[in-house]
Amino acid sequence: MLAGATELFRQRRPDCEVRLREAQMVDLMPWLRSGAVDLALGTFPIHESDIVTGPVLVSEARMLAVPAQHPFARRASVSPDDLARVKLLQLPDTLPDSLRDDRTPRNTPAGRPIEPGPSASTFNEMLTLIGAGHGVFPVGAQARRYYARPDVAYVPFSDAQPLRWGLLWRAEGATARVHAFAEAAHDLVRART
């Protein structure tokens, strides 16, 4: 999707240069805040006064990444309340509390405590920790396709809100080019649905 939005933007604004960069989880907000990048594709919710969230571009089912040998791996689905029975890996401290509260809550919907596990700086590090049996982590359904691993299983949540993705940018960096790119991404997604 991001490559398609970049191409559409380039067609509309041939005078603008676009470079795609992969940001590790730990780098996302520092890069945005420092101006190292103008836009980022990230998961919501992000509630930060200096960061603007564009419209939701992609919504996908939420799944739980678990060690392949974990009892949950044999189940058809899990519930957010099942998180009280496992150690939940943590997102880096550089990410907003709103996102961390959504992805790595401290309690289940029923109020039972969730044991926090170690933190990871990259998504691949997170998957390695999962495969090694150090905990579990909620991911989007696309992870099954793009991050297939023999040591990790992906189990659908039966009753969790979908994971939502969209563009983020600095409030003070909301230039005409940023808005034009966000519009191109939105138009691309709308044309595909």
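On the other side of α1, which residues are exposed? Select A3 and Q11: they are the exposed ones there, with exposed meaning over 50% relative accessible area, buried under 20% and partly exposed in between (1.4 Å probe, protein chains only). Before going further, note that this is a predicted model, where local features need pLDDT of at least 70, side-chain atom pairs count only at pLDDT 80 or more, and totals for chains, interfaces and linings use all residues. Residues are numbered from 1 along each chain as its sequence is written, and side-chain values use heavy atoms, with hydrogens and water left out.

Stay on helix α1 (residues 2–12) and pick out its buried residues, A5, T6, L8 and F9. Look down the axis of α1: these buried residues fall within an arc of 165 degrees, so they line one face of the helix. That arc is taken from the directions from the helix axis to the C-beta atoms. Helices (H or I, at least four residues) and strands (E, at least two) are DSSP runs, numbered from the N terminus. Now show α6, which is part of what covers the buried residues of α1; contact here means heavy atoms within 4.5 Å.

Next, follow helix α6 (residues 176–192) to the strands it lies across, β2 and β8. The helix runs at about 160 degrees to β8; axes are lines fitted to C-alpha atoms, for helices over the stretch in contact, and angles run from 0 to 180 degrees between N-to-C directions.

Color the sheet next. Its three strands form an open, antiparallel sheet in the order β1-β8-β2, where two strands pair if DSSP finds at least two bridges between them. At the edges are β1 (40–43) and β2 (51–60), each pairing on one side only. From one strand to the next, the twist averages 30 degrees. Zoom in on β1 and β8 (residues 163–170), which pair over four bridges, and find L41 standing opposite L167 in β8.

Now jump to R33 in helix α2. At 35% relative accessibility, R33 counts as partly exposed. Leaving out residues up to four places away in sequence, R33 touches E48, D50, I51 and R170.

Over to the largest nonpolar core, which has 29 residues. A nonpolar core is a set of buried Ala, Val, Leu, Ile, Met, Phe, Trp, Tyr and Cys residues joined through side-chain atoms within 4.5 Å. Select M126, I130, V139 and Y154, the members that touch the most others. Helix α4 gives the most to this core, with five residues. Apart from it lies another core, of 16 residues, including F9, L57, L167 and W169.

Which residues of α4 are buried? Highlight F123, M126, L127, L129 and I130; seen down the axis of α4, they fall within an arc of 160 degrees, so they line one face of the helix. Just after α4, G133 takes a positive phi of about 85 degrees.

Last stop: Q90, in strand β4 (residues 87–90). Q90 counts as buried, at 19% relative accessibility. Its side chain reaches the backbone oxygen of L88 at 2.7 Å. Among the residues Q90 touches, not counting those up to four places away in sequence, are T104, P116 and M126.

Notes: A polar contact is a pair of N or O atoms within 3.5 Å; within protein, one must be able to donate a hydrogen and the other to accept it, and residues adjacent in sequence count only if both atoms are side-chain atoms.
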